[in-house]
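Open the model in your viewer and keep the sequence beside it. The stops below say what to select next and what is there.

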Amino acid sequence: MDEASNQAAVEKKVAEIKAHMPEIYKSIQSMAAEIGRDAYSLVRKGLRGESNCFYAIEAGRVMGTPFTLDVQRDVAQQMVTWGATHVVIWADRQTGSSDGTN
């Protein structure tokens, strides 16, 4: 896929988040208020297929790329246990690392 096609695909996914995942979109905006534009960069990296950056689930929709860490199993268990309606998993904010090496 060329760069223009890749960018168009990411923008389509961003539009889908805005239109159909309101809690995730609020979480993205909240993270951006906290850490700045890096939040949007993490979202776009996850939407492009880079793991350990951004992964979100809401109302049966999944966006981003799964983490290579063992976090998904734990998150799924907590969602079922506590009845969560949405979840966002972000890269480590302390180190800025997206490779799990913190």
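Contact, as used on this tour, means heavy atoms within 4.5 Å. This is a predicted model, in which local features need pLDDT of at least 70 and side-chain atom pairs count only at pLDDT 80 or more, while totals for chains, interfaces and linings use all residues. Residues are numbered from 1 along each chain as its sequence is written, and side-chain values use heavy atoms, with hydrogens and water left out.

**Stop 1: I24**

Select I24 and show what surrounds it. Leaving aside residues up to four places away in sequence, I24 touches I17, F54, A56, I57, E58, H86, V87 and V88.

**Stop 2: helix α2**

Now select residues 22–35, which make up helix α2. Helices (H or I, at least four residues) and strands (E, at least two) are DSSP runs, numbered from the N terminus. The expected span of a helix is 1.5 Å times one less than its number of residues. For the 14 residues of α2 that gives 20 Å, and the C-alpha atoms at its ends are 20 Å apart, which agrees.

Colour I24, I28, M31 and A32, the buried residues of α2. Viewed down the axis of α2, these buried residues fall within an arc of 105 degrees (taken from the directions from the helix axis to the C-beta atoms), so they line one face of the helix. Buried means under 20% relative accessible area, exposed over 50%, and partly exposed in between (1.4 Å probe, protein chains only). The exposed residues A33 and E34 sit on the face of α2 turned away from its buried side.

What covers the buried residues of α2? The cover includes α1 (3–20), α3 (38–48), β1 and β3 (86–90). Just after α2, look at G36, which has a positive phi of about 90 degrees.

**Stop 3: the nonpolar cores**

A nonpolar core is a set of buried Ala, Val, Leu, Ile, Met, Phe, Trp, Tyr and Cys residues joined through side-chain atoms within 4.5 Å. Select I17, I24, I28, L47, F54 and W90, which touch the most other members of the largest such core, a set of 19 residues. At least two residues of this core come from each of α1, α2, α3, β1 and β3. Another core, of six residues, lies apart from it; F67, V75, M79 and V87 are among its members.

**Stop 4: the hairpin**

Select strand β1 (residues 54–58) and strand β2 (residues 61–64), which run antiparallel and are joined by four bridges. Two strands pair if DSSP finds at least two bridges between them. E58 has R61 of β2 as its bridge partner. Two residues lie between the strands of this hairpin, and A59 in the turn has a positive phi of about 50 degrees.

**Stop 5: the salt bridges**

How many salt bridges does a search of the whole structure find? The search finds three, each a side-chain nitrogen of Lys or Arg within 4 Å of a carboxyl oxygen of Asp or Glu.

- Select R61 and E16: their closest N and O atoms are 2.5 Å apart. The pair links distant parts of the chain, R61 in strand β2 and E16 in helix α1, 45 residues apart.
- Select R44 and E11, whose closest N and O atoms are 3.2 Å apart. R44 is in helix α3 and E11 in helix α1, so the pair ties together parts 33 residues apart in sequence.
- Select K26 and E23, which meet at 3.3 Å, N to O. Both lie in helix α2, three residues apart, about one turn of the helix. K26 is partly exposed, at 47% relative accessible area.
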